[in-house]
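Please open the structure in your viewer and keep the selection panel at hand. The tour below goes from one selection to the next.

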Amino acid sequence: MAAAGGEPSTENVSDELFQNFYTEVKQIEKRDSVLTSKQQIERLLRPGSSYFNLNPFEVLQIDPEATDDELKKRFRALSILVHPDKNQDDQIRSQKAFEAVDKAYKLLLEPEQRKRALDVIHAGQEYVEHYVKEKKKQLKKDGKSLDMEEDDPEMFKQAVYKQTMKLFAELEIKRKEREAKDMHERKRAREEEIETAEKAKRDREWQKNFEETRDGRVDSWRTFQAKGKKSKEKKNRSFLKPPKVKMEQRE
C-alpha cells in the first residue's frame, strides 16, 4: 500500500530492502562452494550486519541441526577465508569479519547458548506456522482462496528467516536495556557507597577534632566562669557601699 502523496510506506520500503538482502544472501549461499574471501567479508559486514549477525547459524551459514563435527569444519573453512592474514589488502574489515565468525562459533560451542539460539529459531518457525494456520482460517471464513505465498517452501523459509531475525533483534535490545539498567544500578550503588564512606570520614574527623580540642574548651569555660564570678563579686560589693552623706551647709 502506498502512503499519501504516492510515496511508498516505511513498512513497504523496509520489506523491499529486506527482500533484496534476503535474495542476495541466498544467492551467495548457492555459490557457497566457490565463495570468495571478499564476498564473505562483504556479507558479514554489510549494512544491518550488527543485527543479522545475532543469529550464529546465519553467520556460519550452517544448518541449526548440524553436528559438532560439521560446525567445527565450517568454522575452519570460513575463518580461513576471512582471516586478516589471507586478506592483507583489507585487514581492518577482514579482522571484523573474522571476529564475527569467531564469536558465532564460540557461542555455539556453549550448550546453553546454542540451546537459546535454537529456541529462537524454533519460536520463529512456530510463529509463522501459527500465522499461516490462522490466516487460512480467516480466508476460508471469508470464502476466499486458501492459497498463500507461504505455501511455497522457499517463501515459507524466508518468512521464518525474517521472523527469526526479528526475535534475535528483540532479544538483543532487551539485553542492552538490562545491561544499561544494571550499569545504572551499579553506578547508583557506587555513588551511595562513596557518599557513605565520605560521611563516615567527616564524622571521624569531627570526632577527632572534638577530642583534640576538649582541654582547650574546658580551660576556656573555666576561665569564663572565673571571670564571671569575679565580676559578680565586684558588682555585689558595689551594692553594699553606703550612700554618700551630703553635708548640710549652715548659715
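Buried here means under 20% relative accessible area, exposed over 50%, and partly exposed in between, with a 1.4 Å probe and protein chains only. The model is predicted, so local features need pLDDT of at least 70 and side-chain atom pairs count only at pLDDT 80 or more, while totals for chains, interfaces and linings use all residues. Residues are numbered from 1 along each chain as its sequence is written, and side-chain values use heavy atoms, with hydrogens and water left out.

Select helix H5, residues 68–82 (helices are DSSP runs of H or I with at least four residues, numbered from the N terminus). Its buried residues are Leu71, Arg74, Phe75, Leu78, Ser79 and Val82. Viewed down the axis of H5, these residues fall within an arc of 125°, taken from the directions from the helix axis to the C-beta atoms, and so line one face of the helix. On the other side of H5, Lys73 and Ile80 are exposed.

Next, display what the buried residues of H5 pack against: helix H2 (37–45), helix H4 (56–60), H6 and helix H7 (111–141), where contact means heavy atoms within 4.5 Å.

Now select Phe75 and Tyr105. Which kind of pair do the rings of Phe75 and Tyr105 form? Their centres are 3.9 Å apart and their planes at 5°, so the pair is stacked (centres within 6.5 Å make a pair; planes under 30 degrees apart count as stacked, over 60 as edge-to-face and the rest as tilted). Phe75 lies in H5 and Tyr105 in helix H6 (residues 91–109), so the pair ties together parts that are 30 residues apart in sequence. Phe75 is buried at 13% relative accessible area, and Tyr105 is buried at 12%.

Technical notes. Phe/Tyr/Trp six-rings, centres within 6.5 Å; stacked < 30°, edge-to-face > 60°. Helix = DSSP H or I, 4+ residues; strand = E, 2+ residues; numbered from the N terminus.
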